[in-house]
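This report describes selected features of a protein model, from aromatic packing to sheet geometry. The sequence and structure are shown first.

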Amino acid sequence: MNPTETNTSFEDRLLTELRTVVAERSRPRRRKRRAFVAVAACLTLAAGTAIALPLIGGEQTTPPAYSVTVERAGTVTVKVVRFEDAEGLERDLAAVGVAADVNYLPVGKTCKRTPAGALVMSDAKPDKNGLVKLEPFAAWEEHDGYAMLVVYLSEVKNATLTIESTALPPLGPDGTLRSGLLKNGTFGPCVPVDA
Amino acid sequence: MGELRRIGHDPDVFEVFYREHIEKVQRFVARRVDDPHLVADLTAEVFLAAIDSADNYRPSRGTPTGWLYGVAQNVVSAERRRQVRELRANQRISGRRLLTPDDVSRLEERIDAETGARELLQAMDELPDGERAVLELVALDGISPQEAAQVLGIRAGAARVRLHRARMRLRDGVPASTSLVDLTTEANS
């Protein structure tokens, strides 16, 4: 568009172009699904290059039960769609440097550990931008159809990420999504007991 | 609130959102950039980024305006990091291409009106990035500390602590000016 040929303002011309962008986005497209393997992520991490490689578990013929994604900012994002293959999730987390103990429990149950274990909190160190992560460690985010957890790699040294959940969003009145970080060597295995 | 997530899919919904926020976005950019052509480019980029990321918006993370300020801050930060060449190379809409001489004059007036804000920004150069980020949003853009916390993804208490520290640092170490005193007083309120 030649702006000198119109009587409209910059704001109007920009709106026209942006409306076109939105209209083009709203047209249906074929979606491609891409899968990556854990080994590739490990090699990528070791090389210190990029990033955002999803490790997808579960059966190949249905949407993956979970994904583990290493992000550029030194974080690992876990998305859980279905409670399947807890051991696979543990393996994929270990492959990117996160020791994990994953327990999918029936509603009304919780983990009892003997010994109970020492909780590790965020060390609250500023990042390169001076920002301090103050939120409680590893809080689940509830999304449509899945739950998401962001783990800072700098916070999981010498510790194990514990995932103890009974439901996925929508949680319902009795559903729970729990996670924590226990110091290695201070806790026993999860034994399901009444909550 | 649910309408915002549709701005990337429905041109009419987007237009309502755009008309409500275009002036705020232009002012946000003009407080930080003194070139009208760059203001036009970055304004276009802010709305393109909003279109691309609206699906991820959650009301629990703040108001639509606060969320848009977060998008705008990311775009301006990319400019500061000198990534703008890459940004322009991939830009689907060149804002400056849409400018007439009259538009440039009008944007220059807007930029002139924000001179005090940019002077304050220069004074903030001595602040740590975290404190500066909160003070920018509260003192320059006029949003509440709670909204600033949501934009930055930190707790409201942390935002207030940063505001307090920023105000103390500015009063202790930065030469006073009228606009600076006014704005730091506002930030303390």
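The sections below cover conventions, aromatic contacts, nonpolar cores, a sheet and individual helix residues.

## Conventions

This is a predicted model, in which local features need pLDDT of at least 70 and side-chain atom pairs count only at pLDDT 80 or more, while totals for chains, interfaces and linings use all residues. Residues are numbered from 1 along each chain as its sequence is written, chains are lettered from A and ligands numbered from 1 in the order in which they are written, and side-chain values use heavy atoms, with hydrogens and water left out.

## Aromatic contacts in chain B

Over all chains, the structure holds six aromatic pairs. Rings of Phe, Tyr and Trp (its six-membered ring) pair if their centres lie within 6.5 Å; planes under 30 degrees apart count as stacked, over 60 as edge-to-face and the rest as tilted. With ring centres 6.2 Å apart and planes at 90°, Phe14(B) and Phe47(B) make an edge-to-face pair. Phe14(B) belongs to helix α1 (residues 11–30) of chain B and Phe47(B) to helix α2 (residues 36–53) of chain B, so the pair ties together parts that are 33 residues apart in sequence. Helices (H or I, at least four residues) and strands (E, at least two) are DSSP runs, numbered from the N terminus.

Phe14(B) is buried at a relative accessible area of 0%, and Phe47(B) also counts as buried, at 0% relative accessibility. Here buried means under 20% relative accessible area, exposed over 50% and partly exposed in between (1.4 Å probe, protein chains only). The rings of Tyr18(B) and Phe47(B) form a tilted pair, with centres 4.9 Å apart and planes at 55°. This pair likewise links α1 and α2 of chain B, tying together parts that are 29 residues apart in sequence. Phe14(B), Tyr18(B) and Phe47(B) form one aromatic cluster.

## Nonpolar cores

A nonpolar core is a set of buried Ala, Val, Leu, Ile, Met, Phe, Trp, Tyr and Cys residues joined through side-chain atoms within 4.5 Å. The largest one has 62 residues, and those with the most contacts inside it include Leu18(A), Phe14(B), Tyr18(B), Phe47(B) and Trp67(B). Its largest share, 10 residues, comes from α2(B). A second, separate core of 26 residues includes Tyr66(A), Val70(A), Val156(A) and Leu181(A).

## A sheet in chain A

In chain A, three strands form an open sheet with mixed pairing, in the order β4-β8-β9. Its edge strands, each pairing on one side only, are β4 (100–104) and β9 (177–183) of chain A. From one strand to the next, the twist averages 15°. Two strands pair if DSSP finds at least two bridges between them. Strand β8 (residues 159–165) of chain A and β9(A) pair in the antiparallel sense over seven bridges. Thr162(A) has Gly180(A) in β9(A) as its bridge partner.

## Helix residues in chain B

Gln26(B) lies in helix α1 of chain B and counts as buried, at 1% relative accessibility. Leaving aside neighbours within four places in sequence, Gln26(B) is in contact (heavy atoms within 4.5 Å) with Phe10(A), Glu11(A), Val39(B), Thr43(B), Leu107(B) and Arg110(B).

In helix α8 (residues 145–152) of chain B, the buried residues are Glu147(B), Ala148(B), Ala149(B), Val151(B) and Leu152(B). Gly153(B), which follows α8(B), has a positive phi near 75°.

Methods. Axes fitted to C-alpha atoms, helices over the stretch in contact; angles between N-to-C directions.
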